[in-house]
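Hi,

Here is the structure I promised to pass on. Have a look at it first, and then read my notes below.

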Amino acid sequence: MHERQAGKMRKVAIVAAASRQEEIMLDTEVEMMIPLISEVRNKVGLDQSELGFTCSGSSDFLAGQAFSFVMTLDAVGPVPPIVESHVEMDGAWAFYETWVKFQMGVIDTAIVYSYGKPSPGSLQDVLSTQLDPYYVAPLWPDAHSVAALQARLLLEDGVVTSDQLADCAIRTGTVDNREEYFSQPIIADPLRQADCPTYADGGVAMILASEGKAEELCDRPAWITGIDHRIDSHHFGVRDLTAVPSVRLAAQKAGVHDGPIDVTELHAAYTTHDLLLRKEMGLPEIPDIPQGSYPIKADTLMASGLLRIAEAARSIWGGDANRVLAHATAGPVLQQNLVCVLEGGDN
Amino acid sequence: MTEIRLPSSLDGIEPVQSVRTPIRMEYTFTPGVAAQTYLRAFGNKKILGNVSPVDGAILVPPRGADPRHGVLCEEFVEMSHTGHVGSYCVTNVPIPGRDLDLPYISAWIFLDGADIGFLNLVAECPPEKCRIGMRVEAVWKPDEEIGMTAENILYWRPTGEPDIPFEAAGVRGWHARKAGGENA
Amino acid sequence: MESNERLSAPLVLEYPFTRTTGPVIGAFFTGLREKIVLGIKRQDGTVLVPPTEYDPETSETLTEMVEVGQVGQITTWTWVQEPRDQSPWDAPHALAMIKLEGADTPLLHAVLVDSPESLEVGMNVRIKWREETEGHIKDIEGFIPVEETND
């Protein structure tokens, strides 16, 4: 455990997770989340009244409805009244809030979930509204263009090469080979189709439990041994877009380098982000074990980050890995970053 | 407040104090699985409710879930077109964007057999005559105007039948039935 | 309607926001209305454009606004072939970060050229103002290559 957290922190683990992603989903957010929430509760044999805390992440503009998370609580069954919170962030930040709640010593179990359904609206418009409302949002730059502005800086400065982007696209499965990559249309110069995410509707739910309880609920709990999140300025012009100090610091504070990492689950929606995140966190460009899934192939705003944490936990439960890194990002071009280390407890 | 030093080129110039930044977002909204089923039936002048798999409670309109328990509701039941007023409100101020004669009555309509109500208009009834427990029936649009939309029912009007007792009206009825069930 | 056809309906959300600007952003927009560009000086003498009331890195209060040039260099760019409905620009255009003379940080705006072939990092561009200015980021219609201007 990292020095900042050593000794003082309660041990908390992920003991169950369920997720679903589809390009277009007919179900409402409630209809989508009920089976996932039921699945994780059933896995551990706890009903809602036995869970100490419920925390979710979602976006109102994505849902097209104010306070949309309140309706989604129908999927939880908040009767009798529950202890509940919500973040207008990716569920990874709801996960962090829940971890803090465990550290307060007031809960032993919790459910965390998040979801996004971009298919009914314009995700590009929703993402534009998160930008500086005076100077940038009125120009409505789309997310791919903003990523492309960063990509050109990375290429011009030699931080990445187009061959590296091609190899990353192959590794993450958006193309099969370099020839296919270089024949892909450029959709936001210099980014090609294979560099950019495909969006999906989806959701993820998970159960957390503290030491003493977690072992009862799961054969091999995925223990959170380090977690931290940091933020860079939202002013594009002030940031050096070829670097991500926030993720570097978050990785350091989460203790990523205190031991070997078996699997990295990166919330990288663009090839440029995958390469930049690896560089900033000092991770090998070509990992030994692939991720459980890749956001670039199915990115679900508000859920992709929590899904990374769920996939990381799955690699622990499956016994494939003993120490894994999960990363989540929010905001334009990797502005906010959360890094979490999970361990299976092998010596 | 901190004094901001400006270049002399702005001396004596009226400062900008606000900026218009309107946003507009378009969605193609799709109802979920339960709402699709409901709307298709509604387009044939049928009102469907959901049956809770937990305790058989009938929820109208159906949302595909029993929100008390967080479980899917996949069973539908056809409802009658009559019910009663569970509670109501008389409004004397106009709503922007809606052309309603003032005053108008909004009410929680509880269909016969339903455990929860929904908000709708009551008309053909002077406001001073409206009351909790009053029996009402649906007044549909002309058949040629019926579609898969929540606007099919124009309003609800009194049937003239005897009232539901106050104690059994609206959610009081549901709570009373639950209490009875638990005691039984 | 076929029973298996998915129902849908349009939903439009509109928010007619009018935001107060405060003294610094307000001064920047006042400048745009008068067709000049203002930045703000940081403690180390560097100049932020567009300006903020505080140093985004150290959070120190900033107070000294200065005029910067109307010509600058493209630091990075991308090409928008099909502008979305919301975009202020109907025609294909570049989006770019442009560092104006006298500024130390670049601002995001459009470069109005016909094709991406002519664009490169380091290229000099200048502001093209709208005829009617009101104190808005869109008072700048976009940037155009310096060599194409005749005035």
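Before we start, one definition: helices here are DSSP runs of H or I with at least four residues, numbered from the N terminus. Also keep in mind that this is a predicted model.

Let's begin with helix α6 of chain A, which covers residues 143-156.

Is α6(A) enclosed or open? Of its 14 residues, 12 are buried, so the rest of the structure largely encloses the helix. Among those buried residues are A:Ala143, A:His144, A:Leu149, A:Arg152 and A:Leu155. Just after α6(A) comes A:Gly158, and this glycine takes a positive phi of about 75°.

Now zoom out to the whole of chain A. It's divided into domain 1 (12-121 + 198-217), domain 2 (139-195) and domain 3 (223-343). The centres of domain 1 and domain 2 of chain A, taken over C-alpha atoms, are separated by 33 Å.

Finally, see where chains A and C meet: 29 residues of chain C are in contact with 27 residues of chain A. On chain C's side, β1 (9-15), β6 (71-80), β7 (93-100) and β8 (107-111) each supply at least two residues. The largest share, five residues, comes from β6(C). What kinds of residues make up the side of chain C that touches chain A? They divide into 17 nonpolar, seven polar and five charged.

Cheers

Definitions and conventions:
Residues numbered from 1 in each chain as written. Chains lettered and ligands numbered in written order. Predicted model: local features only at pLDDT ≥ 70, side-chain atom pairs only at ≥ 80, totals over all residues. Expected span 1.5 Å × (residues − 1). Buried ≥ 20, exposed ≤ 12 C-beta atoms within 10 Å, placed from the backbone. Contact = placed C-beta atoms within 7 Å. Nonpolar A, V, L, I, M, F, W, Y, C, P; charged D, E, K, R; others polar. Domains from an automatic or database assignment.
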